[in-house]
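Colleague: Hi! Could you walk me through the charged pairs in this one?
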Amino acid sequence: MTSGISRRARVLAAAVGTGVLVPLVATATPASAAAPAVTCTSAKAGLAAKLKKDITAALATRKGTVAVGLYDRSTNTTCTLRASSAYDSASIVKVTVLATLLWDAKKTNRYLTDRENTLAKAMITKSDNAATSTLWKQLGMTKIKNFLAAAGMTQTKPGANGYWGLTQITVTDEQKLLKLLTAENAVLSDNSRAYIIKLMGQVVSSQRWGTPYGVPSGVTVAVKNGWLQRSTNGWRVHSVGAFKGGGHDYVMTVLSHGNSTMNYGIATIQAVAKVIHKDLAAS
């Protein structure tokens, strides 16, 4: 489950974008080094142990490097795996782009323009790359970094030279963002939060895989996925989701790379999501 390539080397590879290949130096992993373990805590008796066991089992036979985050407000449950490991964001960063746009508009006390609304809808519901590039360029690096600071997303590093898909993200920061979207806070207005969740709830059917897999009936779903193939670490396949209903209010992030195909990565994410929904529903 672990990569033999150092984090520094992976970041270096990401920084050059798609045009130049930088030789990577593999670092030897000590034979005694154990793979990181899933850790869970919960106010609900027995739930943390159940989740830890089931998430671990779901990943036991999967190749690639997977990071997981879960937070359920209703039972004060948290699970993490590789919470601070960096991944190329792919399209997951589009939620951050929209949050930045709304945060910046709020600062100047204005509504989004019709053009911005059109771009935002295409970016989230259809994962439109051209719309994302337009908004990324409009915002500029300073505003994006200022939003990340305001949101406390200190581990997120925006992609350079317009390569928004090579933004470095972590489970910790994606969970911070999802928490901001799903509860009142000083960073995003209630209207902004509702707008983002609404668009994430309108994602086209072909892109509603990942964290919603196995969600119980009657639970609302907001999702954004990302996928990207590169010469190092194979396919990056990611999914973030927010879920409410059945006595629970929870957010989930699953990031992965080293997948042989996009579908392999999707199957890994869905194996994790399925047991999380099942365990929460039974609690």
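Modeller: Happy to! One term to start with: buried means under 20% relative accessible area, exposed means over 50%, and partly exposed is in between (1.4 Å probe, protein chains only). This is a predicted model, where local features need pLDDT of at least 70 and side-chain atom pairs count only at pLDDT 80 or more, while totals for chains, interfaces and linings use all residues. Residues are numbered from 1 along each chain as its sequence is written, and side-chain values use heavy atoms, leaving out hydrogens and water.

Colleague: Great. How many salt bridges does the structure hold?
Modeller: Seven. A salt bridge here is a side-chain nitrogen of Lys or Arg within 4 Å of a carboxyl oxygen of Asp or Glu.

Colleague: Which residue does Asp104 pair with?
Modeller: Lys143, with their closest N and O atoms 3.2 Å apart. Asp104 sits in helix α3 (residues 93–107) and Lys143 in helix α5 (residues 129–151), so this pair ties together parts 39 residues apart in sequence. Helices are DSSP runs of H or I with at least four residues, strands are runs of E with at least two, and both are numbered from the N terminus.

Colleague: And is Lys143 buried, exposed or partly exposed?
Modeller: Lys143 is partly exposed, at 33% relative accessible area, whereas Asp104 is buried at 12%.

Colleague: New topic: what links Asp88, Arg230 and Arg236?
Modeller: A network of salt bridges. Within it, the side chains of Arg230 and Asp88 meet at 3.3 Å, N to O. Arg230 is in the loop between β6 (220–229) and β7 (235–245) and Asp88 is in strand β4 (residues 87–88), so they tie together parts 142 residues apart in sequence.
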